[in-house]
Amino acid sequence: MKFLDEYRDADTGRAVLAEIARVAARLPSVKIMEVCGGHTHALHRFGVLDLLPANVEMVHGPGCPVCVVPMGRIDDAIDLAARDGVTMCCYGDLLRVPGNRRNLLDARAAGADVRIVYSPLDALAIAVAEPDREVVFLGIGFETTAPATALTVLEAQRQDVANFSVLCDHVLIVPGLRAILSSPDVRLDGFLGPGHVSTVIGCAPFQFVADEYELPLVVSGFEPLDLLEGLLMVLRQIAEGRHEVENQYRRIVPDDGNPVAMRTIASVFELRDHFEWRGLGTLAHSALAIREDLARFDAERRFDLPGVRIADPRACQCGEVLKGVLRPWECKVFGTACTPETPIGTCMVSSEGACAAAFTYGGKRREVAVRTS
Amino acid sequence: MSRADDRITSAHGAGGRATARLIDEVFRPRLASTHLDAGADGVWLGDRAVSADAFVVTPWNFPGGALGSLAVHGSVNDLAVVGARARHLTATFVLEEGIAIDALAEQVEAMGDAARRCGVEVVAADTKVVERGHGDGLFVSVTAIGDPISAWRPDHTAISAGDAIVVSGPVADHGVAVMVARGDLSLSVDVRSDSAPVVEQVEALLADVPTVRVLRDPTRGGLATVVNELVVRQGLGAVVREAAVPIRASVRATCELLGLDPLYVACEGRFVAVVAAAQAAAAVAAIDRISGGGAAVIGDVTAGDVVELETHLGGRRRLDVLVGDPLPRIC
């Protein structure tokens, strides 16, 4: 397959792995955080973790948008979806995210009109086609998906669609990363920087990692060779005592991002003073809300929502997993009370969540292998 | 904490772990049959084999097939994989008030054509009409009755470490074709369902390869789920080699785009065979002689108790059964 097979070539992969082993042999044990949930998924799916040297440990970061949505926000969405005349549209992997008592899939089974869409524009099309219904798009994601939500709001304004709104749970990657770096129990040696987010925001926003925390960060792609090359670049920085922001994913990520997308975000959203992140608590200036002048497309203003803050379940250690302090299988409920079918914590919900990836692809196997080798 | 298990959700229909639990907890204990306990696609009652299957698909027509022909092929294949050739079908049509009679006739026509081509006769049928909003247009429920292809019967206990796992052709065509045909993805890719009877291929395989242990058709839950079900119940494991699994380029590309794993996407014209390793090549040759090519040895049964995937890169990771309904990912 053009543009895909080139980045999965096994011979090239083995050559990069040999180089990784050579560089890692000169290093003590290192912990590298992959910021993006897509990286977590790909590292497992392509069997990369199984092939890394024993002293290189990958730690999952905060970059799975589904994983950081707090329960209270899910409950708001469920409450709204269950109302007469409301159609709730969302991305598929949000359906299984647990609220306090149930998820959107349960709400749908109980009669709520919940529909999976691939794009917020599909939700707008539903609103146009079914003018008698209040169509709400549940907007989640980092800067990766925020431009699509923003464009859709602008399109709704242009078409003057009266029955469309967005329940906005968009968050920003940098505050999440800062929260992890400033947490006292975290010890990391470098980062694989998020590929998709960086297509929008570019590489410059990560400079603080190198400057303030003196750690290397390499923005990387998602194919096996991208991941391996990105990892090799991080390890080389560590070995050479450098701490820089580098861009492995140049074929997709311009250093200065996508200014048009950034302007679109700015024209629709404003910063929230604070927002709750699952597992990480309330972070200042870490999320987006719809601007005052577009209030009629803001579901939070349009509807009266419960807005109850629900504490994370006590048994759940998602916060520790998100910070990389605990490995997924070290959580008390991993694989027993908490499985992808009946997730307690959000890290178990999306296939990009650290726990779901470890459970599905058998992450613990490597742990055992490393211990015995 | 309450769970999704209070009510039926789409996960219960996806063929993975939720489906298995629903059958184990709600159906088996209340229907009390040793045949049900065996959990096979079809069951032998003396020298006749019987299977039951219900068919629901939207849209009714998709590239490579239709609901009517799918109902025949699916039933014929359920019997083929236990070693039987379907001869007779019964069909129940649940019709939702408001559907067009022309559109219904088109599906019955597709069923009749497929039945004639497969050499089966629809000997009893029933219709029920449900109120508008109480059904998704058209449901077809089929019972199939068949004769032995040969003296061969599936024997799960014969599966041993070292056996080879063979798949009869490219996987995931059907599931991807239906997803594209739904049209809500605005994709234009040329993917056709593999919906077809496999009974001729099974007959050739059984004639040439005496060491066939079991056969399964990887419908719901896809190849990965079926391989798990075949070996794990026997206390065995398997290694599937990613590079060896036949997947069409267009199917692979569509799955990449949608964030789906083709190893979990349904086939409707394929089967998985477990055979002695020494006869793996003969098994592929026997299937290919009928199908024109595409069968492949995709892995081995192992002594462990997990199914693993050996990736293109050479790493290994677990290949679990399908969990829940495959949900498209956000990004």
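I started with B:Ala172, which sits in the loop between β8 and α5 (173–181) of chain B. I kept in mind that this is a predicted model. The phi of B:Ala172 is near 80°, a positive value in a residue other than glycine. Is B:Ala172 buried or exposed? I found 29 other C-beta atoms within 10 Å, so B:Ala172 is buried; the cut-off for that is 20 or more.

Next I looked at chain A for another positive phi. A:Asp160 has one, about 55°, and is not a glycine. I placed A:Asp160 in the loop between α6 (146–159) and β6 (164–170) of chain A. A:Asp160 has 7 C-beta neighbours inside 10 Å, so I put it down as exposed. The limit for exposed is 12 or fewer.

Then I went through the sheet in chain B. Which strand order does it have? I read β9-β11-β8-β12-β10-β13-β14, seven strands in an open sheet with mixed pairing. I noted that β9 (214–216) and β14 (316–318) of chain B each have a single partner strand; they stand at the edges, so one side of each lacks a neighbour in the sheet. From one strand to the next, the twist averages 25°.

β8 (residues 164–167) and β11 (residues 272–275) of chain B run antiparallel and are joined by four bridges. I looked up B:Ile165 and found B:Val274 as its bridge partner in β11(B).

From β11 I followed the chain onward. The loop between β11 and α9 (280–291) of chain B holds B:Ala278. How many residues along the chain lie between B:Ala278 and B:Asp163? They are 115 residues apart, yet I found their C-alpha atoms separated by 8.4 Å.

I also checked a peptide bond. The one joining B:Thr58 and B:Pro59 is cis, with omega about 0°. B:Pro59 belongs to the loop between β2 (48–55) and β3 (61–62) of chain B.

Last, I turned to a helix in chain A. Which residues of α7 (residues 173–181) of chain A are buried? I listed A:Ile173, A:Pro175, A:Gly176, A:Leu177, A:Ala179 and A:Ile180. I then asked what covers the buried residues of α7(A). The cover includes strands β1 (30–36), β2 (56–63), β11 (274–277) and β12 (281–284) of chain A. Helix α8 (195–201) of chain A is also part of it.

Note on methods
Residues numbered from 1 in each chain as written. Chains lettered and ligands numbered in written order. Predicted model: local features only at pLDDT ≥ 70, side-chain atom pairs only at ≥ 80, totals over all residues. Helix = DSSP H or I, 4+ residues; strand = E, 2+ residues; numbered from the N terminus. Contact = placed C-beta atoms within 7 Å. Pairing = 2+ DSSP bridges. Axes fitted to C-alpha atoms, helices over the stretch in contact; angles between N-to-C directions.
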